[in-house]
Amino acid sequence: MLSASWALAGAGFRRYATYRQATVAGIFTNSVFGFLRCYVLLAVAAGTAAGVAGYTGPQLATYVWVGQGMLAVVNSWTMLDLADRVRSGDITADLLRPIDPLWTYLWTDLGRAGFAMLTRFAAPLVVGALAFELYAPAHAVTYVLFAVSIVLAVVVGFACRYLVGLTAFWLLDIRGVSMIWVFLSGVGSGLYFPLALLPDWLSTFLWIGTPFASLLQGPLDILVERGGPEILALQLFWAVALLWACRVVQARAVAKLVIQGG
Amino acid sequence: MIISASGLRKDFTVNRKVGRLRRERHVVSAVDGVDLTVRRGELLGYIGPNGAGKSTTLKMLTGVLTPSAGEVRVCGLEPVAKRTTLARRIGVVFGQRSQLWWDLPLAESFDLLRHIYQVPAADHAARLARCTDLLGLAEFARTPVRQLSLGQRMRGELTAALLHGPEVLFLDEPTIGLDVLSKQAVREFLGELDQRGDTTVVLTTHDLADIEKLCKRLVVIDHGRVVHDGTLDALHARYGSRRTIVADLDADWPADVCLPGASVVSVEGRRVTLELNGTTAGEVVAALAKAVPLRDLSVREPQIEDVVARLYRRD
Amino acid sequence: MYGHVLRAQIRSQTQYRMSFVVEVIGSVVINGLDLATVFVLFSVAGSLGGFGGTEVLLLTTLSACAFAVADLVVGNADKLRDYVRTGLFDTLLLRPLSALWQLLAVNFAPRRVGRAVQGLVLYVVALAIADIDWDLARAVYAVGAPVAGAVFFGSFFIAGSTVAFWWVESGEMANAFTYGGKDFSAYPSTMYDGWFRTVFASALGFGFVAYLPTLALVGRADPLGAPDWLRWCSPVTALIAAALAALFWRTGVRHYRSTGS
């Protein structure tokens, strides 16, 4: 089982490593958006004495640039090919394999995320560091917490996309569902601005009531040292809960497939 | 001449990787000086192995690609410069690509094409009726294209390419991947089209049965050059393909038999295979019957597969 | 003719009715979220880049409206990448119509109508509550500016899509200029700084989409020092952008025809 997992992760890594030009194009795009968001947030911070919900300038810059890098790592905007395989019926082949497709997809996605860390995470960060003053964590343990947090963010993001993909068993066309997911997860995860800018009730709801904050806001707050292990606990809860949900929904879907013959 | 091309050439630059980072640029001629003329109403088979330059030629004839050198005229027009004018006068089917609307029923795609090509309603209806009849479209005309089988889709594609009454029809591997029945339907349809004689057809195919059934004239291209242009018979004659006689005998083969006009290819037990050297089969059979007692006998026509395989291997 | 292609495309898109409704609502929500983002940031500081509430609202809705219209009409140009990769672009060249208009008509996405209508309504509301000293020139410009903005964004969509003729693997790179341009022009140019502002506002011209027209409408001089007459020039830059986009497209098609896919 373990060797299979590594093999799958390796395959995911290598598959994305072949998309070299797309990687370069993606880094460029992320960097442009990094500039855009960073200037806007810094201008907002400069215009108010109270600061942006307690974030300092360097913290905001770090928030934006690391956020742009994490976008490609968590990859919540790109759907898994699960839905296509459901629609084409290829999913039956996946279900016949000795490993549950949920794990196959998860390990492949972790491999992909690993490649993204080395390229699409690192490069915009360098660009941001050259153009802006970034926040350097004061404690060494922060780096460890952040690393764990990113892994959990990838798992949470994966499980959400897997659930979206599973809806293809019931809906002919999942474009609508994926679109809603893309935008809710964008705004809810703090991609456009830190959730702390929202009214308390709303930001609390997004943190605890949805998995969105676990995707970006959580790891980013750990990195700028506005939160610690409690964020990891929250992420872990969502990762486990969502993977469990994936299993349940998939079992239902398979039952439907068996009964109706696809 | 409805199609004339002379000295047609297409060069592509390819970057080939040398080592880790270095790349070398190479110029490859996909089509390397092709001369081709097609008379109005002719059905031409344009064949060659993969990568020989068939599709590239077709793209240059239809105005999709600009030739690197050479002259082309289709319907008297220069294809790239007069693309939209030419588009109304030709029809094209790419076996691997669809020109139909994926989510719409076939019938609606046809209606749409009528507007795109601005075909008078009566002409459109008449052509559609004929195609519906000959290709049996009625049963799936209301089905969205994405739900059609490959064979059904190809019949739809053929119809779509003919609805504006093109003078020339270009077909790039129209029978690729089709089941036997659909292949037959497509072939019969093209045969009928050829009989009527008002549409010139250029057909590229890997299916040699297509060629035997349909094409009186064959142009064979290899490595971007024309290696044969003529009838199928001329191809046989040129590459020495011969008819063979397979005879089952009632006695062992006497090694000393001398048959004028034939040579022995193989002897397996009491079965002997002979190759004819141009003489009629009758004389050889008569001589054979005199020499040994015959139980059974069959004459095989030369197989185009053999000729083409030999041609591709450049024997 | 294009009308028939468009209608067919609308029919085929509306086939999955449920999904279509979700998409229309979704795109309206997205647009709403964009505006909500501006609102949230505004509420933190009480102003953005030295501009007050009605001014920021006008600027943002003008940019959103122009973008939504451009996205509706030519946003599908980015499908060109798939057409070039799969070789399907050949089939467009085989029909007796302009390849660009076919590409746009065949991929027309009616779901984007919701967003364009919403953008328009919000822009009108913003105009109504903004402190504008109405005269004929301003009235004309209030109508002309979103049109010019749409042409401007549309030019970037088309020019961006043509990258695929040379570089099929370009991925979402063109988005940096289309969606990036939208994000840039949704805020006053005063919020940006350094070479980045020079490139986006002046060299690429995104300052002309909403920032300068808003200054002209509310009658403010540019804090960044642009001469007053330049505030009225967004139609000119739109035409220049359109001409360049057309040039890119023609060059791209010529390149495609000499190299194939």
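## Secondary structure of chain C

Chain C contains 13 helices and 0 strands, where helices (H or I, at least four residues) and strands (E, at least two) are DSSP runs numbered from the N terminus. Read from the N terminus, its elements are α-α-α-α-α-α-α-α-α-α-α-α-α.

## Basis of the model

This is a predicted model, in which local features need pLDDT of at least 70 and side-chain atom pairs count only at pLDDT 80 or more, while totals for chains, interfaces and linings use all residues. Residues are numbered from 1 along each chain as its sequence is written, chains are lettered from A and ligands numbered from 1 in the order in which they are written, and side-chain values use heavy atoms, with hydrogens and water left out.

Along the principal axes, the C-alpha atoms of chain C occupy a box of roughly 55 × 40 × 35 Å.

Of the 261 residues of chain C, 57% are buried (under 20% relative accessible area, with a 1.4 Å probe and protein chains only). Among contacts in chain C with a separation of 6 or more, 75% join residues 24 or more positions apart, a contact being heavy atoms within 4.5 Å.

## Annotated spans of chain A

An unreviewed UniProt entry annotates "transmembrane region" in chain A, including residues 60-80 and 178-198; such annotations may be inferred rather than shown by experiment. Residues 60-80 of chain A are 71% helix and 0% strand, with end C-alpha atoms 31 Å apart. For residues 178-198 of chain A, the figures are 52% helix, 0% strand and 25 Å.

How values were computed. Buried < 20%, exposed > 50% of the residue type's maximum accessible area, 1.4 Å probe, protein only.
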